[in-house]
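Student: Please take me through the strands and the aromatic contacts of this model, with the cut-offs stated as we go.

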Amino acid sequence: MILRCPFLRISRVVESEGSVPICKTEVINNNLNPKWKPVTLSSRQFGSKENPLLIECFDFNSSGDHVLIGKLRSSIADLERLNKERTGTNLFIPSTHHRKEEKMLKGQLFVDQYCEREQFSFIDYVSSGFELNFMVAVDFTASNGNPRYSDSLHYIDVSGQLNSYQRAIMEVGEVIQFYDSDRKFPAWGFGGSTAGAVSHCFNLNGSPRDSEVRKFFNF
């Protein structure tokens, strides 16, 4: 009995008739009738639903020298149709027989599931009124260096030059703040000493109750 460890590789066919791999399934060990986990592809990977795809089935080899079992050219539209019609499509492998190139049938591919979901971008969410809550947590552990020295991430420069933490908070916060309607920003610290004891969660504004900072950035 021939034991196979098959997996699929899906590639986008490009204008030069070459192919660019965009997805690979897991390997199913010792199985001549494998059923792989669902594969997720984005339109950025395959282009339009009519664009040609190369689907190849390989027998896995730990050396990396995988053996081609069979292949076919299809498209997302074709795969959708196979799912709707509950039919399979043939996998072939080229074979030279009597000096004539032929195709040998090596199996069939069935599409058990097919679904489409619209993926929204960050701009889509923001333009629809989506809000963001900006929160900050600052590491005060000794790994950041002694704040008295200029090589520390917490060093306060008398010239007003921002340290690494201040610069990161400002650069991100100046953008995010406009998507936070109440302009109140929770800010915490951890790994620092407050009231003579080390705390791993304390309010940066010094308040024992409220963690929000209301004037975090210059508007």
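Student: How many residues of β3 are buried?

Tutor: This is a predicted model, in which local features need pLDDT of at least 70, side-chain atom pairs count only at pLDDT 80 or more, and totals for chains, interfaces and linings use all residues. Residues are numbered from 1 along each chain as its sequence is written, and side-chain values use heavy atoms, with hydrogens and water left out. Strands are DSSP runs of E with at least two residues, numbered from the N terminus, and buried means under 20% relative accessible area, exposed over 50% and partly exposed in between, with a 1.4 Å probe and protein chains only. Both faces of β3 are covered, with L53, I55, C57 and D59 on one side and L54, E56 and F58 on the other, and the number of buried residues in β3 is seven of seven.

Student: Which residue in β4 is the bridge partner of C57?

Tutor: Two strands pair if DSSP finds at least two bridges between them, and β3 and β4 pair in the antiparallel sense over seven bridges. Within β4, the bridge partner of C57 is G70.

Student: What is the angle between the ring planes of F7 and F60?

Tutor: Rings of Phe, Tyr and Trp (its six-membered ring) pair if their centres lie within 6.5 Å, with planes under 30 degrees apart counted as stacked, over 60 as edge-to-face and the rest as tilted; by this rule the count comes to seven aromatic pairs. F7 and F60 form one that is edge-to-face, at 6.5 Å centre to centre, and the angle between their planes is 70°.

Terms used
Helices (H or I, at least four residues) and strands (E, at least two) are DSSP runs, numbered from the N terminus.
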